[in-house]
Amino acid sequence: MVRIIYKSKIYFILITSLVLISFKVNSTITWQFTTTDPNIIALEQTFLMTFLTKSLTESPSFAALFNEIANSPNNVTIIIGLGQNFIVGGKIIPVVVDYYAGGGVMYLDLLDLSGYPNPVYNSETHSWEYGTAKPWALTIPCLFAHVLSEGYHAAKTGESYENCHKIAIDAENDVRKDMGQEDYPIMGRVWEKDNRSLSTDTGNINNWENEWDYYDNDANLIRISYEP
Amino acid sequence: MNLDINVIYSRRLNEGFVLFILITLITGCSLFESNLESDEFDAEYLENNKERIKNNALSAQMIINAEISSIDASSGVWSGCGVSRQQVNYKVIGVLKGSYSQSNISVNHLLVNNSRHADNDLVCLSPTIFSPGNKLIIFIRQVDNEYEDFDEDYGTIPYSEQNENVLKDMI
């Protein structure tokens, strides 16, 4: 089941068109979708355009990074995957899935990103609800900056993951400063800090959920319920 | 008669001298060749990435020869925005750089998709490289009380006497 509620359809269509045009003119960033389901692709495109537009308009650092990539000879490929789930403490937890694959290729799961990283399980519909609450809507540009920067520097320099990762963290933090979100951690940083594992052996679902409780999940821009 | 003997002696001396020169040249060449060989890794792909391996050797706090005793389960997540690692447990054979006095060591290896260390299909380290009994030379740094590598492709190289000698020359 896919249900999308837009706050402002006209505004959305306008900004989406602008981003689409800018892609067509000079982008060397390729967005590939792994699914062939038109509903899922439509959903992922909605996320992509919404969050990219938000990132481009609200963060000068993100716009600078995006332009640098778009005007460079280096190709960055972002492969958008279908939602993946992890079993933690006996429960299925959808989390953001993104990874570095070298040579400028990044995998990113936009379905998970939509609720990054705090989806809510709806026991009536038996589905996970992904809300882009205000803090999350603001952290998503940081994640986009990280992914684009990491892939771009891998393509540009061919350096190892760690070097690209360090540069990507700087890019992410620049965007976070632009958006006044220095104090909000993102999941990757918490993982690294706590050396947390999502394996069934060591994952602790209660602690993991509580970690994110202080975020307000109601101030939604888009709310989506998706049942695979 | 005396003259003949002198000629024979002279010929034998000449022959001996030529033989001596030949043996010296052959020995010298073979020594030179073996010296050349010790400057090279035992595999072409290592030679092709010599500069990167040298950087790793110079950056590492420790370089250890070790045999894999066991491999912990993978977290199931590739490195991306968050760094993901898989732990491998080793029996220490020798220490090439730094100091380490214990007989076992656990090293957290980077899990990066499409890297030399990664499996082609599953989210885990390659079983071709990381299997119990395999001997590796590992470039290690210490973070807090844990040990980790820092290069998903050449954070380890296969152990051999030749590879060890090349590394010794590098550091």
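This is a predicted model: local features need pLDDT of at least 70, side-chain atom pairs count only at pLDDT 80 or more; totals for chains, interfaces and linings use all residues.
Being 4 residues apart in helix H4 of chain B, B:Lys168 and B:Glu164 are separated by about one helical turn, where helices are DSSP runs of H or I with at least four residues and strands are E runs of at least two, numbered from the N terminus. Their side chains meet in a salt bridge at 3.8 Å, N to O, a term that asks for a side-chain nitrogen of Lys or Arg within 4 Å of a carboxyl oxygen of Asp or Glu. B:Lys168 is partly exposed at 46%, while B:Glu164 is buried at 12%; buried means under 20% relative accessible area, exposed over 50% and partly exposed in between, with a 1.4 Å probe and protein chains only.

Residues are numbered from 1 along each chain as its sequence is written, chains are lettered from A and ligands numbered from 1 in the order written, and side-chain values use heavy atoms, without hydrogens or water.

Turning to another pair, B:Arg85 forms a salt bridge with B:Glu148, the closest N and O atoms being 3.4 Å apart. B:Arg85 lies in strand E2 and B:Glu148 in strand E5, so the pair ties together parts that are 63 residues apart in sequence. B:Arg85 also meets B:Asp149 in a salt bridge, again given as 3.4 Å, N to O, and B:Asp149 is buried, with a relative accessible area of 0%.

Overall, chain B has 4 helices and 6 strands.
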